[in-house]
Amino acid sequence: MKSLIAPKDKHQMNWVEGFMEWGTVKAPKTLKVEHSSQEEKGILTESYRFTNISDVPVFTSLRDISIYTTFADDYCSSEVCTKKRCHTHIWCGGEVSYVMALRMGGEAPHLGLVLTKGSLAGYSIERDLAKGSNDRGDFLLHPSPTELEPGESFDIQWKLFWHEGKDDFYRQLPLLNHKFLRVEAKQYVVFAGEDISLTVTPAFDISQEDIHITRAGKTVKYTMADGIIHVQEPTSACNILQDKLSIYGEPWDNLFFFENTDHNLPASPERISEASRYGEHRYEIEVGGVKTFCRIYVLPEFKELVKRRCHSIVEKQQFHKPGSPLDGAYLIYDREEGHCVYRPENDFNGGRERVGMGVLIARYLQSCPDEALEKSLRKYVAYVERELYDEENNLVTNDIGYNDSYKRLYNYPWVSLLYLELYTLWGDKASLRKAYKIMKSFYTQGGSRFYAIEIPLRQILLLLKDSSMDKEYDELKACFAEHCNYVLQKDILYPAHEVNYEQSIVAPAANLLLQMYQITGEEFIGKGAGRQLKVLELFNGLQPDYRQYEVAVRHWDGYWFGKKRQYGDTYPHYWSALTGNAYLSFGEISGDAAYREKAEAAFRGVLSLFFSDGGASCAYVFPASVNGEAADRYDAYANDQDWGMYFYLREHKI
């Protein structure tokens, strides 16, 4: 299939435009592939039959069979993207699998895919690397591994249909697949002391004997009400290695636990037990013979988690060498090799996004005084002022030695925010003045035409007002007003930045307007903010997986910030939390509790980049493979992910 266009679509978007042709199949030569399709009442049913034509059994692995589903998901200009490109939200959940494709501008109709026969276990991506960050790639859906005797076959079948948006998409799924199971969790990232809460809603009648739910091979209790299955259990029930520890005893003492932790950390039974309680827990769900699953991520209580993270930064990521320009810097940490990393390349240097580590610690200390952390922070601030922030010339530079050879306006709001947190922590008015001067410099250099990430509009204006810095307040408010007017004028025709079109262009537009509305209450700003928010929401899917639920589509960060330098869907990436900021502001403004819940989910989703011992990863590259290279893993670098934890900390008292 080379073209699929919705009837009466005024934009004539081709939803299946890719490098390969939709429906192309890669499979072992021992399998015969037959493909058929038929359309009825606007619904296209596609079937793929795989038959073992050899004289021996065929056992397949995950990536042995691939079906190309080339949803039009790449980034060109915003004018094209909003009309003729889509965000592709994929859920390969076994026998309950689907794809929700949403036109990037939000205008219906949108395209959906629901599996009606067979099982899908994952997906891979093939990208045009010449396009860098601007091509998400062709999607390859992988049938679940299977075994076929000679002459035996299995089928994959799905239906493609048009829908009006997220609610309508999920409304139609059980109508198109009468064996559909809707799996949902109250939260997909859960802290110790909270309950894990799941619901399973079948599209068909069931009885008690039809239900089997397990976690780590153990049966999970459930209740039923009005045909809906409810699972609720405390996180303490998730100690999946307890029986193994008691049975095997001594051999477990020699294990290295939890691959996400630091290099060569010996595993005591206590630490193995803790690691088994935290991390990923997969619930296997079988109802009426239909099999699917849900992934939940368990972390220590947040207060303990952020404490461990801050101490991990100070103990492992702060560089100490008197006389070195990097003395005091918070640097990348290589969890595989157990050492700091510095390179003068932009995303691996001693500045830029890594300022988030200082911002996090400054915020944490406001609630939890800690002498060691404060000593470290003061040394870091001295480093920033010696090497990155040139106060005399009002420049926030890119790297050590006030190196500003690469001009980057993104850096300014981050260092301004650092000083705002330092002002709140220490009450030093000089810090507030520095924050003001940095933002003024940002606007002097053309910031009102730039969609910078995390502009602290509301925070700085409120602090300036409370400090009776009226002149500075008026000046910055005028700058912010000019910026907001530009955003309103551009509407959803966003200017290209480091990526042509992305969530962290739309999110700054939404957040800027929402913050300004909270300051002024002007109706035209609120209306514009609402329009931005609707476009921003389209980046987020609702798959029953802690890495994907309310986590925005991003697919290049693992390359730019990771050790592996691998493109591909980064579920999660910490800037996804920018959408959480917008949800929260809108919830506060509107009083809509649903947006507060969405914000909580978005914030928590990025916390799965952190591990129970305080370690972290800058990105999880989610697909099974990208351009043939295995993925589905955390990157080894702890780099810039601490912004995600900062956002959650900022909105929650500890």
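User: What makes you say that helix α5 lies across strands, and which ones?

Analyst: In this predicted model, α5 (residues 302-317) lies across β22, β23 and β30. The angle backs that up: α5 runs at about 85 degrees to β22.

User: What is the order of those strands, and how do they pair?

Analyst: They make an open sheet of three strands in the order β23-β22-β30, and the pairing is antiparallel. β23 (339-341) and β30 (637-638) are the edge strands: each has a single partner strand, so one side of each has no neighbour in the sheet.

User: How do you know that β22 and β30 count as paired?

Analyst: The cut-off is at least two bridges between the strands. β22 (residues 332-334) and β30 have two bridges in the antiparallel sense, so they count as paired. If you want a residue to look at, Y333 has A638 of β30 as its bridge partner.

User: Why is the W414 and W643 pair called tilted?

Analyst: Ring centres have to lie within 6.5 Å to count as a pair, and planes under 30 degrees apart would be stacked, over 60 edge-to-face, with the rest tilted. There are 48 aromatic pairs by that rule. For W414 and W643 the centres are 5.9 Å apart and the planes are at 45 degrees, so the pair is tilted.

User: What does the pair of W414 and W643 tie together?

Analyst: W414 is in helix α8 (residues 411-426) and W643 in helix α17 (residues 642-650), so the pair ties together parts 229 residues apart in sequence. Both W414 and W643 are buried. They also sit in one aromatic cluster with Y410, F450, Y574, W575, Y646 and F647.

User: What makes the F586 and Y595 pair edge-to-face?

Analyst: The angle between the planes does. Centres 4.8 Å apart pass the 6.5 Å limit, and planes at 70 degrees are over 60, so edge-to-face is the label.

User: Are F586 and Y595 buried or partly exposed?

Analyst: Buried means under 20% relative accessible area, exposed over 50%, and partly exposed in between. F586 is at 22%, so F586 is partly exposed. Y595 is at 8%, so Y595 is buried.

User: How do you know that R182 sits over the ring of Y170?

Analyst: The distance part of the rule asks for CZ of Arg within 6 Å of the ring centre. The charged end of R182 is 3.9 Å from the centre of the Y170 ring. R378 is another case, lying over the face of W426 at 4.0 Å from the ring centre.

User: Which residues have the most contacts inside the largest nonpolar core?

Analyst: W158, I296, L377 and F480, in a core of 200 residues. Helix α8 gives the most to this core, with 10 residues. L377 touches Y330, G358, I361, A362, L365, L422, L425 and W426, leaving aside neighbours within four places in sequence. Apart from this core lies another, of seven residues, including V341, F348, F561 and Y637.

User: Why does S585 count as buried?

Analyst: S585 has 12% relative accessibility, and the limit is under 20%, so S585 counts as buried. S585 lies in helix α15 (residues 577-590). Beyond four places in sequence, S585 is in contact with L514 and Q518.

User: Why does G350 count as buried, and where is its place?

Analyst: G350 is at 2% relative accessibility, and the limit is under 20%, so G350 is buried. Its place is in the loop between β23 and α6 (355-367). Leaving aside neighbours within four places in sequence, the contacts of G350 are L326, L331, Y342, Y383, L388 and D399.

User: Which residues does a cis peptide bond join, and what is omega?

Analyst: One joins A108 and P109, with omega about 5 degrees. Another joins Y571 and P572, with omega about -5 degrees. P109 lies in the loop between β7 (98-103) and β8 (110-117), and P572 in the loop between α14 (557-561) and α15.

Notes: Residues are numbered from 1 along each chain as its sequence is written. This is a predicted model: local features need pLDDT of at least 70, side-chain atom pairs count only at pLDDT 80 or more; totals for chains, interfaces and linings use all residues. Side-chain values use heavy atoms; hydrogens and water are left out. Helices (H or I, at least four residues) and strands (E, at least two) are DSSP runs, numbered from the N terminus. Contact means heavy atoms within 4.5 Å. Axes are lines fitted to C-alpha atoms, for helices over the stretch in contact, and angles run from 0 to 180 degrees between N-to-C directions. Rings of Phe, Tyr and Trp (its six-membered ring) pair if their centres lie within 6.5 Å; planes under 30 degrees apart count as stacked, over 60 as edge-to-face and the rest as tilted. Buried means under 20% relative accessible area, exposed over 50%, partly exposed in between (1.4 Å probe, protein chains only). A charge sits over a ring if NZ of Lys or CZ of Arg is within 6 Å of the ring centre and within 35 degrees of the ring normal. A nonpolar core is a set of buried Ala, Val, Leu, Ile, Met, Phe, Trp, Tyr and Cys residues joined through side-chain atoms within 4.5 Å.
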